[in-house]
Amino acid sequence: MTKNISLNLISGRTIQQGVAIEGGKEKPLYRTAAGIIEMDESDFKKLGAWKSTNVRVTSEYGSVIVKAVQTTQGPHPGLGFIPMGPWANAIINPNTYSTGMPTFKGVPVTVEVAMNEPILLGIELVQKLCGVKTE
């Protein structure tokens, strides 16, 4: 049985993400900047995972593979942060409540190690989520 932990997920903009967007959302640098989940050190221990491990983050809205990295803020045990972008969009509530912008805050998720699963480039993830066949 795979070990997993529950986190409260939030999202927002980051400087690294903004720099990477300028280079192109389809580039590996954007995946490095936004295809991550920041977690507290105590949550790494609960999960039994090393930093920079690929993990599957799952909510009631979907699932996505991202790289787990040590939080740059905190400590905030029980809180996960994924920068805004296709990786966060894959697992947040799509309801915008007529504002045109999803909430991006307070999404219950589970996190489990996904060591041998790749983190898709942004364009690959969007194509997968939209059901576009690429081969």
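Visitor: Is Trp87 buried or exposed, and with what relative accessible area?
Guide: This is a predicted model, where local features need pLDDT of at least 70 and side-chain atom pairs count only at pLDDT 80 or more, while totals for chains, interfaces and linings use all residues. Residues are numbered from 1 along each chain as its sequence is written, and side-chain values use heavy atoms, leaving out hydrogens and water. Buried means under 20% relative accessible area, exposed over 50%, and partly exposed in between (1.4 Å probe, protein chains only). Trp87 is buried, at 1%.

Visitor: How is the aromatic pair of Tyr30 and Trp87 classed?
Guide: A search of the whole structure finds one aromatic pair. Rings of Phe, Tyr and Trp (its six-membered ring) pair if their centres lie within 6.5 Å; planes under 30 degrees apart are stacked, over 60 edge-to-face, and the rest tilted. The centres of Tyr30 and Trp87 are 5.5 Å apart and the planes stand at 55°, so the pair is tilted.

Visitor: How many residues apart in sequence are the parts that this pair ties together?
Guide: Helices (H or I, at least four residues) and strands (E, at least two) are DSSP runs, numbered from the N terminus. Tyr30 is buried, with a relative accessible area of 2%. Tyr30 lies in helix H2 (residues 28–34) and Trp87 in helix H4 (residues 86–89), so the separation is 57 residues.

Visitor: Over which residue's ring does the charged end of Lys51 sit?
Guide: The test asks for NZ of Lys or CZ of Arg within 6 Å of the ring centre and within 35 degrees of the ring normal. The charged end of Lys51 is 5.9 Å from the centre, over the ring of Phe44.

Visitor: What relative accessible area does Ala68 have?
Guide: Ala68 lies in strand E4 (residues 62–70). Contact means heavy atoms within 4.5 Å. Not counting residues up to four places away in sequence, Ala68 touches Ile37, Met39, Phe44, Lys51, Ser52, Thr53 and Val55. Ala68 is buried, at 0%.

Visitor: How many bridges join strand E1 to strand E6?
Guide: Two strands pair if DSSP finds at least two bridges between them. E1 (residues 4–12) and E5 (residues 79–83) run parallel, joined by five bridges; there, Ser11 stands opposite Ile82. Ser6 has Thr110 as its bridge partner in E6. E1 and E6 (residues 105–113) run antiparallel, and the bridges number seven.

Visitor: Which element of the chain has the lowest mean pLDDT?
Guide: pLDDT is the predictor's confidence in each residue, from 0 to 100. The chain averages 92, and 97% of the residues score at least 70. Strand E2 (residues 36–39) has the highest mean, 98. The lowest, 90, belongs to helix H1.
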